[in-house]
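Please examine the sequence and the structure before reading on.

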Amino acid sequence: MVDLHPSAEEAGLSARAAAIARSVVLPQAAAADGGAFPEAALRALAAEGLMAIKSPRAFGGAGSTQVAYVMALREVATACASTAVTMAVTNMTGEMIGLFGDTDQRERWLRPIAQGQMEAAAFALSEPSAGSDAASLVCKATRRDDGSYVLDGQKAWITSGDRAGVVLTMARTGEPGSGARGISAFLVDPRAPGFSVLRHESKMGLRGSSTVGLSLDGVVVPERDRLGPEGIGFRVAMTALDGGRCAIGAQAIGIASAALQTLVQGLGSRAGVDRAQNLQQMVDFRIADMATRLEAAWLLVLRAAQRKDANLPMTREAAMAKVFATEAAHFVCQRALELATAQGLQDDGRIARALRDVRVSRIYEGTSEVQRIVIARELLANAS
Ligand code: COS
């Protein structure tokens with residue numbers, strides 16, 4: 001059963017996110033769409049503990065829940081999708097340090113994330129030749145006699161890779177072809193010699209977030225910065241993505257809600273205009289369907305979030321939430337653009353921006369096809 005009533009603490013955190021979204025994030029959204037990194041917005045979010053929502057209070061985080069996190073992220077995404085994705089990846093990385101890290105790692109890496117001393121944190125799993133098949137990654141981590149590691153390889157499409165104070169990097173400590181079990185996780189300091197930023201991706205949406213390739217050329221990582229034991233890197237990545245996918249569902253819903261709201265306000269301002277009854281009904285039916293899909297999607301996101309908070313398995317639920325929410329959100333943005341155009345509404349390009357921003361939510365943190373694989377696998381495993 002989905003409990004639709006957040007706790008007072010969750011509601012309070014979400015209200016703080018909504019206030020910042022209105023006062024700081026929204027006013028810079030057009031500039032972010034023009035390519036400006038949303039520095040001021042991220043600082044404001046960090047000041048309220050919103051860059052490390054689920055991380056322990058003892059290390060500067062908000063110590064809150066996944067439910068609070070998805071509520072807050074939805075609010076921020078309603079105002080600016082670029083800010084929301086930067087916030088999401090930073091939260092996800094910090095959460096993994098809180099979960100798998102030791103006290104020293106939490107102190108050195110999580111606290112600066114939570115307190116806004118770092119602009120962002122990054123999560124580096126994908127590679128030029130390993131996207132959906134993440135377990136085939138080839139970035140190599142060679143252990144030296146003193147226990148440190150030397151990392152060599154490339155990472156691709158890394159959100160905030162050039163802005164991050166720490167890059168959670170998955171690399172192969174096992175033999176080539178050792179699959180998921182041969183992968184370890186490292187907290188890489190981007191100031192280390194051999195770490196460099198490759199090209200900045202030019203994107204149709206989320207233009208205020210930074211997406212880059214990374215090169216690791218003999219980057220030395222001390223043993224104290226391996227996150228957890230050797231060989232658990234794939235588990236770290238998948239654990240991160242379970243929470244991340246649920247959050248991307250919330251982000252997509254936020255983006256689409258803004259498009260729908262813009263459309264409905266535009267239509268409302270024309271309430272007196274005389275239209276043929278069948279045309280009016282066509283518009284009414286469409287906006288009703290759009291709103292209904294977003295509500296249904298939100299319930300799936302909430303259900304996945306609540307299971308995570310209850311420490312219940314939620315891989316399948318997160319995949320369902322992501323695939324349904326991102327596809328619903330894309331549908332809503334597309335319909336909003338069509339209706340706004342048909343009705344001749346002027347909206348300062350907000351709906352078109354939402355459509356451009358929302359598209360990648362069906363791709364990153366696992367494509368819709370990957371989510372369907374995850375869901376089907378679990379169904380088939382339970383059937384056998
Ligand atoms: N949580 C914890 N552990 C998990 C897990 C999860 N959600 N999913 C898988 N694992 C573990 C498995 O239990 C297995 O462990 P053992 O070897 O000890 O049994 C191991 O990881 C390998 O799992 P699996 O065999 O399912 O791995 P696959 O290579 O078949 O993975 C998918 C398949 C498609 C699910 C995976 O590669 C994936 O998610 N790809 C998309 C990657 C992605 O989202 N990239 C975006 C990057 S961020 S923009």
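**Domains of the chain**

Into which domains is the protein chain divided? The chain comprises domain 1 (8-118), domain 2 (123-231) and domain 3 (234-383), with bounds taken from an automatic or database domain assignment. This is a predicted model, in which local features need pLDDT of at least 70 and side-chain atom pairs count only at pLDDT 80 or more, while totals for chains, interfaces and linings use all residues. Residues are numbered from 1 along each chain as its sequence is written, and side-chain values use heavy atoms, with hydrogens and water left out.

**Domain 1 against domain 2**

The C-alpha centres of domain 1 and domain 2 are 23 Å apart. Their contact (heavy atoms within 4.5 Å) involves 24 residues from domain 1 and 19 residues from domain 2.

About 1,900 Å² is buried between these two domains, and carbon and sulfur atoms give 63% of it. Buried area is the accessible area (1.4 Å probe) that two parts lose on being put together, summed over both.

**Surroundings of the ligand**

The ligand is surrounded by 21 residues, each with a heavy atom within 4 Å of it. The closest are S132, R181, D242, R245 and R377. Six residues of this shell come from α7, the largest share.

Among the polar contacts (pairs of N or O atoms within 3.5 Å), a polar backbone atom of S132 lies 2.7 Å from a ligand nitrogen atom. A polar side-chain atom of R245 is 2.8 Å from a ligand oxygen atom.

Key: A polar contact is a pair of N or O atoms within 3.5 Å; within protein, one must be able to donate a hydrogen and the other to accept it, and residues adjacent in sequence count only if both atoms are side-chain atoms. Helices (H or I, at least four residues) and strands (E, at least two) are DSSP runs, numbered from the N terminus.
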